[in-house]
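Have the sequence and the model open side by side, and let us walk through them together. We will start where the chains meet and then look at some individual spots.

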Number of protein chains: 2
Amino acid sequence: MREGLAAAGEDRVRMVELFATVDAADRHAELVSTAATAGVDVHVADDRVLASLSETVTPQGLVAVCEFLDVPLDAVLTGQPRLMALLAEVRDPGNAGSVLRAADAAGADAVVFSAGCVDAYNGKVVRASVGGLFHLPVVTDAPLVDTVRRMKAAGVRVLAADGAGDIDLDRAERESDFTKPTAWVFGNEARGLPPEVAEAADAVVRIPIYGKAESLNLATAAALCLYASARAQRADHP
Amino acid sequence: MREGLAAAGEDRVRMVELFATVDAADRHAELVSTAATAGVDVHVADDRVLASLSETVTPQGLVAVCEFLDVPLDAVLTGQPRLMALLAEVRDPGNAGSVLRAADAAGADAVVFSAGCVDAYNGKVVRASVGGLFHLPVVTDAPLVDTVRRMKAAGVRVLAADGAGDIDLDRAERESDFTKPTAWVFGNEARGLPPEVAEAADAVVRIPIYGKAESLNLATAAALCLYASARAQRADHP
């Protein structure tokens, strides 16, 4: 809830209405008055109304109706982003949310959901992102190959993560310049990376598997890739 | 199933009985005969029996009854391990299994479950480990502080991962020798690291959070730590 309000100040999300039980309005008086001052319609409602509005089993007594404000890709690229994640037709909301969380932790500047991805504002994505969806500019419904091309045209290096990549992450990190502005592309958990995206990217990178595991899950792979870039970029300009 | 048999050959797990439908026994004739030759009791059973034996909704027609064979800590330490994970009172089976999967991918030599952890052979741990439980020697019910001390006595550097750590992972990796044999300690998802473990460890390391996220999930944090060690160790002796 606080995240929602804080993010509202940064134009990522606009809170439209706030429903609160009498108890909750009392417990969170400051939050409610901040919302009211910000022009949010505040309603007092009973527990049953709150329960019917919320997807969680034990709501906290506050439900906010928000509009998420998508960010256009051009606005993101104009801001000279150093690190981005591009989800390529990722369907699982838990995975998409976990990648958002990892991107948020790694200090990414934006996350782009391609056309064909799960809805970025699906409740499961929101919960799995643990605040990430509020912290980061999110571009949705981006045409995949066109997005890769526009990123490259803006001077961003596009690295696609794939188990069948030509170069492993550790070698890529040692041998190429990871301080450059970079967008990492993560593919669909079942089908992998669309071939036309692998083709359009600057390189296809695989996470080295040193043991017997067949693969890593998408969010873990994303964290390893994004942190590899963040590590190089932050060491360069701490 | 194949993983179970392969692991059986390495004394991680012993298959005791194998139940198969007629169809499945036919489809997997080689597997069934390998099991029989290895002294496993093979039974033909109908679908209902198989369904009652299995936790999955759509069993594959084969159910193996296995005994996992715990490995004593001394046996692991005698083998001069380079990389280990020690789970400190981790209760969530999904988290424990995901750490196993990450440890497997990072090429760890063993995973140690402390006393107070979820049962390593819980079905949810097995599934979340995606084979990791079969690939890696697993020590269970290890007394926590005593284990840390024995690891150190065996020349293993013990690094505890904690959001409140004194040094961040990137700096630790730059400034200290990550090629040394290392055990990473990962704490309980809710309570964090027990203070006596933080005290007994050589250092407490935090994952840097470059954005606004409050934390990473346990499996992601574990993957970042284990891969940092693996990267240094493998670059040193590829």
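What follows is a short tour of this predicted model, going from the interface to single residues.

Let us begin with the contact between the two chains. Chain A contributes 31 residues to the contact, and chain B contributes 31 residues. The size of an interface is often given as the accessible area lost when the parts come together. Here chain A and chain B bury about 2700 Å² between them, with 58% of that area on carbon and sulfur atoms. What about polar features? The rule finds 14 residue pairs in polar contact across the interface of chain A and chain B, both residues being at pLDDT 80 or more, while the count of salt bridges there is 0.

Now turn to the side of chain A that touches chain B. Helix 6 (93-105), helix 10 (169-175) and helix 12 (218-236) of chain A each supply at least two of its residues. Which of the helices gives the most? That is helix 12 of chain A, with 8 residues. By residue type, this side of chain A divides into 14 nonpolar, 6 polar and 11 charged.

Next, please find helix 3 of chain B, which spans residues 29-37. Leu31(B), Val32(B) and Ala35(B) are buried in this helix. Why do these residues lie on the same side of helix 3 of chain B? They do so because they cover an arc of only 100° around the axis.

Strand 7 of chain B (residues 157-161) holds our next stop, Leu159(B). Leu159(B) counts as buried because its relative accessibility is 2%, below the 20% cut-off. Leaving aside residues up to four places away in sequence, Leu159(B) touches Phe178(B), Thr182(B), Ala183(B), Trp184(B), Val185(B), Ala203(B) and Val205(B).

Finally, take a look at two backbone angles. Val130(A) is not a glycine, yet has a positive phi of about 45°; Val130(A) sits in the loop between helix 7 (123-128) and helix 8 (132-135) of chain A. With 42% relative accessibility, Val130(A) counts as partly exposed. Glu89(B), also not a glycine, has a positive phi of about 55°. Glu89(B) lies in the loop between strand 4 (83-87) and helix 6 (93-105) of chain B, and at 24% relative accessibility Glu89(B) counts as partly exposed.

How values were computed
Residues are numbered from 1 along each chain as its sequence is written. Chains are lettered from A and ligands numbered from 1 in the order in which they are written. This is a predicted model: local features need pLDDT of at least 70, side-chain atom pairs count only at pLDDT 80 or more; totals for chains, interfaces and linings use all residues. Side-chain values use heavy atoms; hydrogens and water are left out. Contact means heavy atoms within 4.5 Å. Buried area is the accessible area (1.4 Å probe) that two parts lose on being put together, summed over both. A salt bridge is a side-chain nitrogen of Lys or Arg within 4 Å of a carboxyl oxygen of Asp or Glu. A polar contact is a pair of N or O atoms within 3.5 Å; within protein, one must be able to donate a hydrogen and the other to accept it, and residues adjacent in sequence count only if both atoms are side-chain atoms. Helices (H or I, at least four residues) and strands (E, at least two) are DSSP runs, numbered from the N terminus. Ala, Val, Leu, Ile, Met, Phe, Trp, Tyr, Cys and Pro count as nonpolar, Asp, Glu, Lys and Arg as charged, and the others, Gly among them, as polar. Buried means under 20% relative accessible area, exposed over 50%, partly exposed in between (1.4 Å probe, protein chains only). The arc is that of the directions from the helix axis to the C-beta atoms.
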